[in-house]
Amino acid sequence: MKKKDLLIIASLMVVVLLIYYPLFFSEYAYTDELVQLWLYKNGSNYHMFLPLGRNITDLLFSQLFGSIDTIHGITRLRLFSLLGWICCIPVWYYILKGIIIREGLPEWLCSFTMIYLVCCPAFSVSVQWAACMELFIANTAGLVSGFIFFNGFQSQSNAKSHKMFAVIFSLLFGLISLFTYQNGFGCFFIPFIIHLIAQEKLTRLYCIAIAMSIFIFASYYIIFKWSLTFYQILSSERAGLATDPWHKLIFFFTRPMASAFHFTFLMNERNIVGSLFYAIVFASWTIFIFFQRLAGAIKNRLFFFTGLFGMLMLIYLPSLLVKENYSSNRTLLALDVAVCLLFFETFFSLISSSRKNLLLMIAIAVVFFANAWYNFTIQFLRPVKSEYQVLKSFLDDGYHKGIDTIYFIRPPENLFQQTRHITASWDEFGVPSLFFEWVPEFFVRQVVYEKTGNRRQSESLVIKSWPQKELFQKEALLLSNNILLIDAGTLLSQK
């Protein structure tokens, strides 16, 4: 790499640290982190991810969560993800730049895409939430898998051994990606998206890549089914296959694609403004490409778009195959990067002046950076950190050895929207951790354990929770000295 490349990579690392440096000293616990902290213990035989086909993640979590015993210890796991991504930045830069130059596209596309990568919501989720700390492995392994295959079949060498090497190692990294987090394998297609942008037509390489991806998916599925038999467990209901392709097609174009075309901006999935923004930007880009960028007969242009959208759907295939329709930010990194490449390569190509192009790129990059900081600090960290501190202090002060029962009234899902006027995006931004029904039990047990140092005493607690105060009051339960009532919504509203 040249000195300029090293400077760009160093700048990207600085950007990451400037956005996410509070992770080094912030103490909080968010949703599944509490479940994993409490249950992933040596000898517990707990396996959250095996039924989901994420065997590598299950092994990783059993080791890392098993090595800590306190909520403060979760900070180390978030830093593991943050530093993991920092180590992966040179890999992403090297791969993207190499393919972009080989395909004859402008070098700036690599730097701009890398800025977008470290600022997108999917990246933020993977470092702010230890329950997603495996994503840097899954996404990078998927990209390496695609790059190895792309390189092997674009090489000047026609030797069969060279291509066989590419197939074997592409399969290896592809399986690592799929057994870590299935959606991470979507990054396999990023080199081929760049290829499509440059060629503006479907090529033989495109067809070979599709065939290879199907081979990797099929290999993963066979091994996954065998692993269920080996471990004598049933697959999760979330891994059940979808049976309505038309419904899934509608879901893809109204949910995941909409989020990808919001770029770094968080929109609630039911937000009308967000839907209109997506519709206008997506339609404008599609119409311009179809009528202005592509040449040849209409049927050839339709054929190209069919192939392009087919590849975008393959990027998101793991979420399209299962029954669950949940296009959370953590599933979208590969699709986000693909849409960024497609849209901004077109957008900047419309500007003839290189100086104006550079200034506009810098301005958009600054917006991405500022918005990423806002997403992480304002929409996630501050409310979640405050929630943890308020509820932990109340429990520390209110709990004593004579208490054997905890009544917990969970906060409403829109509490942060009402009190802090921020956007809620899926279960990742702007939502109280303790809103989710499975969280209060593990939060209470962990805090009591850290207060008393007695795990058995914490395990013996009877913990009941209600989603609303009205439902709790309807049961007309009597309170006594051995019962502690925690009204989380009221406590957080007073803060």
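Which helix holds both Arg 445 and Glu 441, and how many residues apart are they? Both lie in helix H19, residues 439-452, and they are 4 residues apart, about one turn of the helix. Helices here are DSSP runs of H or I with at least four residues, strands are E runs with at least two, and both are numbered from the N terminus.

Some ground rules. This is a predicted model, where local features need pLDDT of at least 70, side-chain atom pairs count only at pLDDT 80 or more, and totals for chains, interfaces and linings use all residues. Residues are numbered from 1 along each chain as its sequence is written, and side-chain values use heavy atoms, with hydrogens and water left out.

Arg 445 and Glu 441 meet through their side chains in a salt bridge, 3.1 Å from N to O. By salt bridge I mean a side-chain nitrogen of Lys or Arg within 4 Å of a carboxyl oxygen of Asp or Glu. Arg 445 has 9% relative accessibility, so it counts as buried. Glu 441 has 33%, so it counts as partly exposed. The cut-offs: buried is under 20% relative accessible area, exposed is over 50%, and partly exposed is in between, with a 1.4 Å probe and protein chains only.

The structure holds 14 salt bridges. Take Glu 33 and Arg 78: their closest N and O atoms are 2.8 Å apart. This pair links distant parts of the chain. Glu 33 sits in helix H2, residues 32-39, and Arg 78 in helix H4, residues 74-102, which puts them 45 residues apart. Both are buried.

Next, Arg 270 and Glu 269, with a salt bridge at 3.9 Å, N to O. Arg 270 is exposed, at 61% relative accessible area. Glu 269 is buried, at 17%. There is also a network of salt bridges, linking Lys 4, Asp 5, Lys 97 and Glu 107.

Now the rings. A search of the whole structure finds 68 aromatic pairs. Phe 305 and Phe 309 are one example: centres 5.6 Å apart, planes at 35 degrees, so the pair is tilted. The rule covers rings of Phe, Tyr and Trp (its six-membered ring) with centres within 6.5 Å; planes under 30 degrees apart are stacked, over 60 edge-to-face, and the rest tilted. Both Phe residues lie in helix H14, residues 298-315, again 4 residues apart. Phe 305 is buried at 6%, and Phe 309 is buried at 14%.

Tyr 407 and Trp 466 form an edge-to-face pair, 5.4 Å centre to centre and 90 degrees between the planes. Tyr 407 is in strand S1, residues 405-409, Trp 466 is in strand S2, residues 462-466, and 59 residues separate them. Both are buried.

Those strands bring us to the sheet. It is open, has 3 strands in the order S2-S1-S3, and pairs them in parallel. Two strands pair if DSSP finds at least two bridges between them. S2 and S3 (483-487) stand at the edges with a single partner strand each, so one side of each has no neighbour in the sheet. S1 and S2 pair over 5 bridges. Across that pairing, Ile 409 has Trp 466 in S2 as its bridge partner.

Last, charge over rings: NZ of Lys or CZ of Arg within 6 Å of the ring centre and within 35 degrees of the ring normal. Arg 455 lies over the face of Trp 38, at 3.8 Å from the ring centre. The charged end of Arg 455 also sits over the ring of Tyr 449, 5.9 Å from its centre.
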